[in-house]
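Please examine the structure shown below alongside this briefing. The points that follow are grouped by topic.

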Amino acid sequence: MSSLWPRIEPLLARVEKPARYIGMERGAAAPAHRPGDASWLLVYPDTYEVGLPNQGLQILYEILNERDDAAAERAYAPWVDLEAELRSHRVPLFSVETHRPAGDFDVIAFNLSAELVYTNVLNCLDLAGVPVRSERRAADAPLVVAGGHCAFNPEPMADFVDAFVIGDGEEAVGEMSDVIGAWKRAGRTNREGVLRELATIPGVYVPALYDVEYDGPFIREVRPRFDEVPARVDKRTVADLAEWPYPKQQLVPLVEVVHDRLNVEIFRGCTRGCRFCQAGMITRPVRERPEEQVRTMVQDGLRRTGYDEVALTSLSSADFSGVDGLVADLVNEQEGSGCVSLSLPSLRVDAFTVGIASEIQKVRRTGLTFAPEGGTWRIRQVLNKLITEDDLYAAVDGAYSQGWRRVKLYFLAGVPTEMDEDTRGIAELARNVVKIGRKYTKQASCTASVGGFVPKPHTPFQWFGQNSVDELERKIGLLRGAVRKSGVQLRWHDPAATFVEGIASRGDRRVGRVIERVWREGGTFQEWSERFELGRWLDAMAAEGLDADWYVTRHRTADEVLPWDHISAGLHRDFLWQDWQAALHEHGLPDCRWTPCYDCGVCTDYALEHVVASPVAPAGGSQGTGQDLSRGGDTPVEFLGVREKASSGAR
Amino acid sequence: MRGDAGFPVRIRFAKRGKVRFISHRDVARAFERAFRIEQLPLAFTQGFAPRPKVSFGLALSVGHESDAEYLDVQLVDEVPLDSLARRVSDALPVGIDVSGTVALADRAPALQEAVTSVAYRITVTGPDDEHVGADELGVAVDQALARPSLPVTRTRKGHEVTEDLRSIVRTMAVTDADDLGPVLDLELSTQPRGTRPAEVLTAIDGNLVDRRVLRTKQWIERGGARLEPLEADARSRVLEARAS
């Protein structure tokens, strides 16, 4: 394999941000590519700035490069300017480490984090010189693999991907590499053989080995074509995060990227049970990293990277057992060593959280973000986002009173049972937040950020018919009227993009033809608003004889075979259906990590357990306590910062 | 930087190879991280968002290489300078190498204001790597130098502005050739304003391209003397790092 660098280098003078394509990050591997090594090209199908920080990709990159029989490099989707140069100079997609042609690798593996990147996957394959359709690939063509959250409904990408990995990849990637290495050493000839062997690895789904039988527009059955191929593919789950302290060598890019900081994953999984949240449903159970390991990873990581910011990441970071003590210690430890800041993304809404935030942001209290998601208590019970108004207002009061000036609130519009009263409730909450803030400062402001809801597979809302573009636009109109002259800034996600996400989110295998058509028409980088066009998607649906509304806005019934029914996140279909019914009856469901098991199916089927250091919920609000949620507000509110002040005098 | 107690240090570094594609700002961030990795005793600015006190010289365009970049960093304690170049280079991206260090006098003028001229070595081609003859270029360069003015027109904030570069160009001569074409050495003033090598080529002939650019030197002229920035405000012997 030879480096394409001499051919790429002159092209970089003509493109914006050429440093996207040079690699050279601290922590990057310099793989040797010994003969017989399974070579992996890990691709994030979006720009370098968006893709580089992806922790999943970095974890697998390290695990593969630690093996003595594998080598992994990375690639990112070239922006349209470089793509044009590559095509006109006949230079293929390349890795950023050694600038090898993508087609020279044994495996091209994609991270699928969002539906709107699907057309970029096809574009990357095409730029690699690999046929986009699996069936057209020569026996010795690279294997095309995909993983990430979107792989939980692999069907829209089933025509293009040879093998999907469902769930945590830490263990599966090694097992796959064994099989792929053997295939390579045997001369990369028997493609069907290697795919059939991959299909026997738990968590690996090879779509070409399954026949889909239709009944009109509906699916009758998805059936494996061979005996040894499992009828249902179960997700992989790493039982104990402590065994996987990755990334050990987080990549430090030379250019600014999103989340440009040290990231330490403090736990995986979330059982808050928010019914709209696919991440929370498919990553169960909760697996905390031991606190001691977190401290070590923070210290070693800061030392090695030179970063001045560290984020403790998870789906709800304030839920980590003993998070207050951990945060206080980390803040104190870093105080002497050069202005390191700490951040906790994904915070829940309560006073406890504000206390932690005040611990972290001692000086620069500019903005604080909460996600109440729904505008009324009724709709929040439907969503199972059990935040009372008193909790929210107490949290916000705490924030403004302790010096924050800007509060950002995240909401969903177009959720099940939503009525205009609920939509307007979003504006009312936000207006009240501004009023609270104005008690403390005239500069108090509140941003309400509203996303259109896209029902996701493997959630209780997977049966719900998404709102149409018109309906979402009407709701945004309602909100715009309701926040006028209130000090509330309203932001919203484009309903047209939400609609297309809906096509892909719950699409079946037939949607693949639409994705291919949109890509052929030039529809790449669809998650970039300047590149997105709804018309392209609607035209492609029509051209392929598919009804967009049937896929997006239609409610599904209990007996319908869903396109992802042969993929399992461990959640029993009965549980999801019951939880869907409970949602419609406005019944909340407690968090099973601190309350008795309601048997969603994950722990019992996979013989797993929550790994949680504290058996009790954190204090500070209805969301944390598991107390009588229907009343709410009677939990004593205690601010961490305030308590410290009281005990230690003035700071 | 000026007027602070502590230990100000001036560093000279090279930026060569693939890393030339990162921006001036990216280089600054890389140095900040390298200083943290080496746990240098950095001085910080006051205020809500304290930043290490590091100040850079003239920006180098993305894609250009250099053997003569400079920065000043304010430390709160003295550090051994003999190992500093090696330590910082090890923590920097490949291609950025510290080539010299010096303890800086207190209240030394900032690099941005102090530097009076910079020298470049550029490989000249036509569009699409078309070859340009060395003799042909030599004649064009001499003719340009003989002219009383070297006007270039550029669009600035929507207006067409014509500037005369003649007073900026101090010396310019074809000195060598590499695989892509003739190599031009030139020295350009930076005060009261400077220009980029590409602008000078445009003034000579609109078809010339600065295919490779290497900044070779920066100079500080003061009281009739011409000083390399490490020497200009040194309060210690200049330490030249060995090439790695």
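Among contacts in chain B between residues at least 6 apart in sequence, 74% link residues at least 24 apart; two residues are in contact if their C-beta atoms, placed from the backbone, lie within 7 Å. This is a predicted model, in which local features need pLDDT of at least 70 and side-chain atom pairs count only at pLDDT 80 or more, while totals for chains, interfaces and linings use all residues. Residues are numbered from 1 along each chain as its sequence is written, and chains are lettered from A and ligands numbered from 1 in the order in which they are written.

**Confidence**
- The predictor assigns the complex an ipTM of 0.92 and a pTM of 0.94.
- The mean pLDDT of chain B is 93, and 97% of the residues score at least 70; pLDDT is the predictor's confidence in each residue, from 0 to 100.
- Within chain B, confidence is lowest in strand β6 (residues 151-156), with a mean of 86, and highest in strand β5 (residues 117-125), at 98.

**Chain B as a whole**
- Chain B contains six helices and twelve strands; helices (H or I, at least four residues) and strands (E, at least two) are DSSP runs, numbered from the N terminus.
- A compact globule of 244 residues would have a radius of gyration near 18 Å, and the 19 Å of chain B agrees with this. The radius is taken over C-alpha atoms, and the globule rule is 2.2 Å times the number of residues to the power 0.38.
- The C-alpha atoms of chain B fill a box of roughly 55 × 40 × 35 Å along the principal axes.
- In chain B, 39% of the 244 residues count as buried. A residue is buried if 20 or more other C-beta atoms lie within 10 Å of its own, exposed if 12 or fewer, and partly exposed in between, with C-beta atoms placed from the backbone.

**Strand β4 of chain B and its partners**
- Strand β4 (residues 96-103) of chain B is largely enclosed by the rest of the structure, because seven of its eight residues are buried.
- Strand β1 (residues 7-15) of chain B runs antiparallel to β4(B), joined by seven bridges; two strands pair if DSSP finds at least two bridges between them. In this pairing, V9(B) stands opposite A103(B).
- Two bridges connect β4(B) to strand β12 (residues 239-240) of chain B, also in the antiparallel sense, and T101(B) stands opposite L239(B).

**A parallel sheet in chain A**
- Four strands of chain A form an open sheet with parallel pairing, in the order β15-β16-β17-β18.
- β15 (367-373) and β18 (488-492) of chain A are at the edges with a single partner strand each, so one side of each has no neighbour in the sheet.
- β15(A) pairs with strand β16 (residues 406-413) of chain A over five parallel bridges, and E373(A) has F411(A) as its bridge partner.
- Helix α13 (residues 389-401) of chain A lies across β15 and β16 of chain A, at about 175° to β15(A). Axes are lines fitted to C-alpha atoms, for helices over the stretch in contact, and angles run from 0 to 180 degrees between N-to-C directions.

**A covered helix in chain A**
- Helix α11 (residues 351-360) of chain A is mostly covered, with nine of its ten residues buried; among them are F352(A), V354(A) and I356(A).

**Contact between the chains**
- The contact takes 18 residues from chain A and 21 residues from chain B.
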